[in-house]
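Subject: Handover of a protein structure

Dear colleague,

Please find below the structure that I am handing over to you. My findings follow it, arranged by topic so that you may check each one against the model.

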Amino acid sequence: MIAEDVQRAEPPSLRPIVARVAALNLGYFGIEIAVALAIGSVALIADSLDFLEDAAINLLIVAGLGWSARNRARLGTAMAGILLLPALAGAWAAYAKSTDFVAPAALPLTLTGLGALAVNLACALMLARHRTGAGSLTRAAYLSARNDAFANLAIIAAGLVTALHPSPWPDLVAAAGIAILNADSAADILRAAAAERRAAG
């Protein structure tokens with residue numbers, strides 16, 4: 001009966017949408033990490049790891065669709081932990097930046113942020129109508145895409161400010177914002193997973 005209820009809660013279109021979102025995230029990760037390393041941007045390193053993390057989360061969701069509410073809650077809890085990994089990686093990159101405290105190239109920073117924003121908005125739009133359909137799983141994917149879009153706006157702003165006033169600080173501030181967004185999303189997903197666990201009895 002639980003499996004039937006889960007199937008009814010998840011429209012057939014959800015699995016291919018999540019798979020497409022995973023592919024988009026994996027593809028842009030490769031682009032963004034290459035630019036990040038080339039120009040020495042901490043914010044782009046953090047954001048590129050977000051794309052890799054989002055690809056992993058969406059692949060886990062593809063695997064977890066159709067599971068019971070209890071098992072989806074367990075997977076949602078694990079995903080909350082995954083969301084914190086880019087924050088830790090960003091902290092390490094910021095520490096490493098202290099030995100080479102120069103501003104990243106403003107134009108590649110801005111253009112890469114614009115590309116990331118386009119990808120994340122596309123993913124968020126694809127996931128928006130399913131964000132409450134499978135509890136903590138699709139909520140994790142939707143929140144990741146939505147929050148990454150906000151992070152991309154911060155990266156674009158950092159690029160524009162750096163163009164006017166060359167400094168590594170706008171890039172570092174954007175990286176800190178990305179870490180805060182991920183921590184907030186992790187807390188939200190943990191709450192959704194706890195609600196699923198209570199509903200499962």
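Please bear in mind from the outset that this is a predicted model.

**Confidence**

The protein chain has a mean pLDDT of 78, and 69% of its residues reach 70 or more. Where is confidence lowest in the protein chain, and where is it highest? The lowest mean, 37, belongs to helix α1 (residues 2-9), while the highest, 93, belongs to α5. Over residues 1-9 the pLDDT stays under 50, and for this stretch the model has seven contacts beyond four places in sequence.

**Overall arrangement**

The protein chain contains seven helices and zero strands. Its pattern, read along the sequence, is therefore written α-α-α-α-α-α-α. Of the 201 residues in the protein chain, 48% are buried. Among contacts in the protein chain with a separation of 6 or more, 83% are made by residues 24 or more positions apart.

**Helices α2 and α5**

I looked next at the lengths of two helices. Helix α2 (residues 14-39) has 26 residues, and 37 Å lie between its first C-alpha and its last, close to the 38 Å expected at 1.5 Å a residue. Just after α2, G40 takes a positive phi of about 70 degrees. Helix α5 (residues 106-128) has 23 residues, which should span 33 Å at 1.5 Å a residue; the end C-alpha atoms of α5 are 32 Å apart, which agrees.

How are α2 and α5 oriented to each other? The two helices pack at an angle of about 170 degrees, with their axes 10 Å apart. Because angles over 145 degrees count as roughly antiparallel, α2 and α5 are roughly antiparallel to each other. On the α2 side, the residues that meet α5 include I17, V21, L24, N25 and Y28. On the α5 side, those that meet α2 include L109, T112, A116, N120 and C123. The residues of this contact divide into 15 nonpolar, four polar and two charged.

The buried residues of α5 include A106, L109, T110, T112, A116, N120 and C123.

**Individual residues in α2**

Is N25 buried or exposed? N25, found in helix α2, is buried, with a relative accessible area of 2%. Leaving aside neighbours within four places in sequence, N25 is in contact with F51, D54, A55, N58, N120 and C123.

A23 is also found in helix α2. At 52% relative accessibility, A23 counts as exposed, because the cut-off for exposed is over 50%. The C-alpha atoms of A23 and A56 are separated by 9.9 Å, and these two residues are 33 residues apart along the chain.

T110 is found in helix α5. Why does T110 count as buried? Its relative accessible area is 10%, and the reason is that buried means under 20%. Which residues does T110 touch, not counting residues up to four places away in sequence? They are I156, G159 and L160. The C-alpha atoms of T110 and I156 are separated by 4.7 Å, although the two are 46 residues apart along the chain.

In helix α6 (residues 136-164) I examined D148, S144 and T162.

- D148 is buried, with a relative accessible area of 2%. Not counting residues up to four places away in sequence, D148 touches D50, D54 and N120. Both D54 and N120 are also listed among the contacts of N25.
- S144 counts as buried, at 4% relative accessibility. S144 and A124 are 20 residues apart in sequence, and the distance between them in space is 8.4 Å, C-alpha to C-alpha.
- T162 counts as buried, at 3% relative accessibility. Leaving aside neighbours within four places in sequence, T162 is in contact with A103, P104, A106, L109, S167 and P170. P104 lies 58 residues from T162 along the chain, and their C-alpha atoms are separated by 7.9 Å.

N120 is one of the buried residues of α5, is in contact with N25, and is touched by D148.

Yours sincerely,

A colleague

Notes:
Residues are numbered from 1 along each chain as its sequence is written. This is a predicted model: local features need pLDDT of at least 70, side-chain atom pairs count only at pLDDT 80 or more; totals for chains, interfaces and linings use all residues. Side-chain values use heavy atoms; hydrogens and water are left out. Helices (H or I, at least four residues) and strands (E, at least two) are DSSP runs, numbered from the N terminus. Buried means under 20% relative accessible area, exposed over 50%, partly exposed in between (1.4 Å probe, protein chains only). Contact means heavy atoms within 4.5 Å. The expected span of a helix is 1.5 Å times one less than its number of residues. Axes are lines fitted to C-alpha atoms, for helices over the stretch in contact, and angles run from 0 to 180 degrees between N-to-C directions. Angles under 35 degrees count as roughly parallel, over 145 as roughly antiparallel, 65 to 115 as roughly perpendicular and the rest as oblique. Ala, Val, Leu, Ile, Met, Phe, Trp, Tyr, Cys and Pro count as nonpolar, Asp, Glu, Lys and Arg as charged, and the others, Gly among them, as polar. pLDDT is the predictor's confidence in each residue, from 0 to 100.
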